[in-house]
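Please open the structure in your viewer and keep the selection tool at hand.

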Amino acid sequence: METMAELIPFLGHERDDVRLMAAESLSQIVVAADAAAVVAKPNLLPALLKVAEKADEAAVHAAAALVNLCADDRARPKLLVAGAVKVAVAGAIGKDTPADHVQYSCMLLANLTQDDEGRARLVKQGASLFRLFGLFVADKDSANRKHLSLVFPNCFAHPLGRR
C-alpha cells in the first residue's frame, strides 16, 4: 500500500513517460490489492481518474486499473462519487483514444452500471447514452465496444433508462 501512495505524484507528472510508468505500475498493483483499501488512499482515485481522462498510453493503464477496482462492490460507490462514469463515457466515445482505452472504458461502464446508482448516473447523461449506442452499432469491424452490450440492459433496468 505504501508503494501506491508513492505513485500518486507521478500520476500527475508533466512528462508522458513518467505518467505511463506510474499508471502501468498501479494497474499491476491493484490486481492483487484490496480494492476498498486502494480507493481509500487519499488523492489516489482523483489522480487515477485524471490520467484516465486523457487519450494516451498512460490512460490505457489507468482505465485498466479502474476496471479492476470497480469489480469490487465496496470500491464501486467511491468510483461513482468520484466521477468515474463521466471519465468512462469520455474514453468510450473519444475519437483519438487508443483502442485498448476504448475497450477498458466500456468494461468500466459495464461494471459501473451493475448497481442502480451507476445506472442512474449514466442514464442522466441521456445524450451520452444515445451516442454510446450509435457507436456500439457502428463498431462492426472491431470488438472495442463489445462490453456496451452489458451496459444497455443494465441501463434499461433503471426506470429513466426505459423511458
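The stops below each name a selection and then describe what is found there.

**Before starting.** This is a predicted model, in which local features need pLDDT of at least 70 and side-chain atom pairs count only at pLDDT 80 or more, while totals for chains, interfaces and linings use all residues. Residues are numbered from 1 along each chain as its sequence is written, and side-chain values use heavy atoms, with hydrogens and water left out.

**The whole chain.** Display the protein as a cartoon: it has twelve helices and zero strands. Both kinds of element are DSSP runs numbered from the N terminus, helices being H or I with at least four residues and strands E with at least two. The radius of gyration is 15 Å, close to the 15 Å that the globule rule gives for 163 residues, so the protein is as compact as a globular protein of that length. The radius is taken over C-alpha atoms, and the rule is 2.2 Å times the number of residues to the power 0.38. Along its principal axes, the C-alpha trace spans about 45 × 30 × 20 Å. Of the 163 residues, 49% count as buried (under 20% relative accessible area; exposed is over 50%, partly exposed in between, with a 1.4 Å probe and protein chains only).

**Helix α1.** Select M4, which is placed in helix α1 (residues 2–11). At 1% relative accessibility, M4 is buried. Which residues is M4 in contact with, leaving aside its neighbours within four places in sequence? They are L26, I29, A33, V38 and L44, where contact means heavy atoms within 4.5 Å. The C-alpha atoms of M4 and I29 are separated by 7.8 Å, although the two residues are 25 apart along the chain.

**A loop residue.** Move to N43, in the loop between α3 (35–40) and α4 (44–52). N43 is exposed, with a relative accessible area of 55%. Its phi is positive, about 75°, although N43 is not a glycine. Most residues other than glycine have a negative phi.

**The core.** Select L109, L112, L122 and L132, the residues with the most contacts inside the largest nonpolar core, which has 50 residues. Such a core is a set of buried Ala, Val, Leu, Ile, Met, Phe, Trp, Tyr and Cys residues joined through side-chain atoms within 4.5 Å. Beyond four places in sequence, the contacts of L112 include C70, L79 and V85.

**Helix α9.** Now select residues 116–123, helix α9, whose buried residues are G118, R119, A120, L122 and V123. Among the elements covering these residues are α8 (99–112) and α10 (126–138).

Select C70, which is buried at a relative accessible area of 0%. A search of the whole structure finds zero disulfides (pairs of cysteine sulfur atoms within 2.5 Å). For C70, the nearest cysteine sulfur, that of C155, is 13 Å away.

**An aromatic cluster.** Finish with F133, F136 and F152, which ring pairs link into a cluster. Rings of Phe, Tyr and Trp (its six-membered ring) pair if their centres lie within 6.5 Å; planes under 30 degrees apart count as stacked, over 60 as edge-to-face and the rest as tilted. The count comes to two aromatic pairs. The rings of F133 and F152 have centres 5.3 Å apart and planes at 80°, so this pair is edge-to-face. F133 lies in helix α10 and F152 in helix α11, so the pair ties together parts 19 residues apart in sequence. F136 and F152 are also edge-to-face, at 5.6 Å centre to centre and 65° between the planes.
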